[in-house]
Amino acid sequence: MAAGTALCTAGALCAFSPVIQSPVNLQSSAVIYHAPRHSLSPSTSPKPRGATSTSPVSTLGWAASNWSGYAITGSTYNDITGNWIVPAVSPSNKNTYSSSWIGIDGFNNSDLIQTGTEQDYVNGHAQYDAWWEILPAPETVISSMTIAPGDHMYAHIHNNGNGTWTITLTDVTRNETFTTTQSYSGPASSAEWIQEAPEVNGHIAPLANYGETTFDPGTVNGGNPNLVPSDGGYMVQNNAVVSVPSNPDSDTDGFNVAYGSTQPNPPAS
């Protein structure tokens with residue numbers, strides 16, 4: 001887990017946040033997109049290392065150069081929620097980026113509606129912020145929200161049925177909420193909870209070392225997503241595994257995800 005985070009009983013998330021973000025927006029010159037999945041073949045990609053004999057990574061169903069986490073397909077998805085803990089990024093000798101988000105579409109198509117948090121190390125400083133995005137536009141930073149490592153985030157994306165969708169992002173730790181209603185016409189053919197290396201100025205960025213974080217709980221179309229290991233996928237950059245989700249937790253609505261090549265254990269439910 002990132003420094004300053006804790007899991008409460010019964011699968012609920014709680015957090016404390018001793019680290020405050022830099023007041024300077026170090027991303028001001030960067031154009032950041034949270035892109036659709038850049039798929040890789042799991043059969044030819046490097047393999048993660050399994051955490052335990054009961055969580056074999058061979059059951060993870062997909063690999064990508066920009067996504068890790070869980071995605072479900074096979075239906076139409078009009079509502080998704082997610083909770084996660086904002087991870088703390090480690091210093092790096094070059095600019096590195098990471099994003100935590102929920103979204104609809106993007107797994108097998110070029111549409112995507114999403115909201116989340118950014119955790120980057122840019123120009124020698126850690127930078128944290130909140131954002132929403134509907135492709136083909138880049139992210140819109142939510143300047144009214146203050147984000148720091150350890151914050152418990154809650155996100156909700158909902159189809160209003162009239163061509164508009166409502167995006168809500170809440171920092172539960174700080175009691176700050178942002179809501180916007182936007183037009184969106186994607187097919188709504190996938191729903192996902194993702195730890196991402198975003199695209200910066202047109203290229204997939206090197207993933208920041210975000211340590212480990214937890215997505216739990218999440219819902220889709222108002223119910224349990226019933227995640228299975230084959231819904232999960234890991235990230236490969238420069239022919240190395242850089243981010244791996246755990247198997248789903250016992251109530252199939254959450255998971256841990258960790259930087260590096262070793263699969264973490266699932267969270268307690």
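Start by selecting W62, which is buried at a relative accessible area of 4%. Buried here means under 20% relative accessible area, exposed means over 50%, and partly exposed is in between, using a 1.4 Å probe and protein chains only. Before moving on, know that this is a predicted model, where local features need pLDDT of at least 70, side-chain atom pairs count only at pLDDT 80 or more, and totals for chains, interfaces and linings use all residues. Residues are numbered from 1 along each chain as its sequence is written, and side-chain values use heavy atoms, with hydrogens and water left out.

**Stop 1: aromatic rings**

Rings of Phe, Tyr and Trp (for Trp, its six-membered ring) pair if their centres lie within 6.5 Å; planes under 30 degrees apart are called stacked, over 60 edge-to-face, and the rest tilted. W62 sits in strand β5 (residues 62-64), while F107 is in the loop between β8 (99-104) and β9 (113-122), so the pair ties together parts that are 45 residues apart in sequence. Strands (E, at least two residues) and helices (H or I, at least four) are DSSP runs, numbered from the N terminus.

Next, select Y70 and F255. Are they buried or exposed? Y70 is buried, with a relative accessible area of 0%, and F255 is buried too, at 1%. Their ring centres are 4.7 Å apart with planes at 40 degrees, so this pair is tilted. Y70 belongs to strand β6 (residues 67-73) and F255 to strand β21 (residues 255-259), so here the pair ties together parts that are 185 residues apart in sequence.

**Stop 2: strand β6**

Of its 7 residues, 6 are buried, so β6 is largely enclosed by the rest of the structure. Which strands does β6 pair with? One is β15 (residues 190-196), which runs antiparallel to β6 and is joined to it by 7 bridges. Another is β19 (residues 232-237), also antiparallel, over 2 bridges. Two strands pair if DSSP finds at least two bridges between them. Zoom in on A71 to find E192 of β15 opposite, then on Y70, whose bridge partner in β19 is G232.

**Stop 3: the nonpolar cores**

Select W84, I104, I113, M145, L169 and W193. These have the most contacts inside the largest nonpolar core, which has 46 residues. A nonpolar core is a set of buried Ala, Val, Leu, Ile, Met, Phe, Trp, Tyr and Cys residues joined through side-chain atoms within 4.5 Å. Strand β10 (residues 125-134) gives the most to this core, with 4 residues. A second, separate core of 10 residues includes W62, W67, L112 and L135.

**Stop 4**

Move along to N201, in the loop between β16 and β17. N201 is not a glycine, yet its phi is positive, about 50 degrees. At 48% relative accessibility, N201 counts as partly exposed.

**Stop 5**

Compare D105, in the loop between β8 and β9. Its phi is also positive, near 80 degrees, in a residue other than glycine, but D105 is buried, with a relative accessible area of 0%. Most residues other than glycine have a negative phi, and most peptide bonds are trans.

Where are the cis bonds to look at? One runs from L135 to P136, with omega near 15 degrees, and P136 is in the loop between β10 and β11 (140-141). Another runs from D216 to P217, with omega near -5 degrees; P217 is in strand β18 (residues 212-220).
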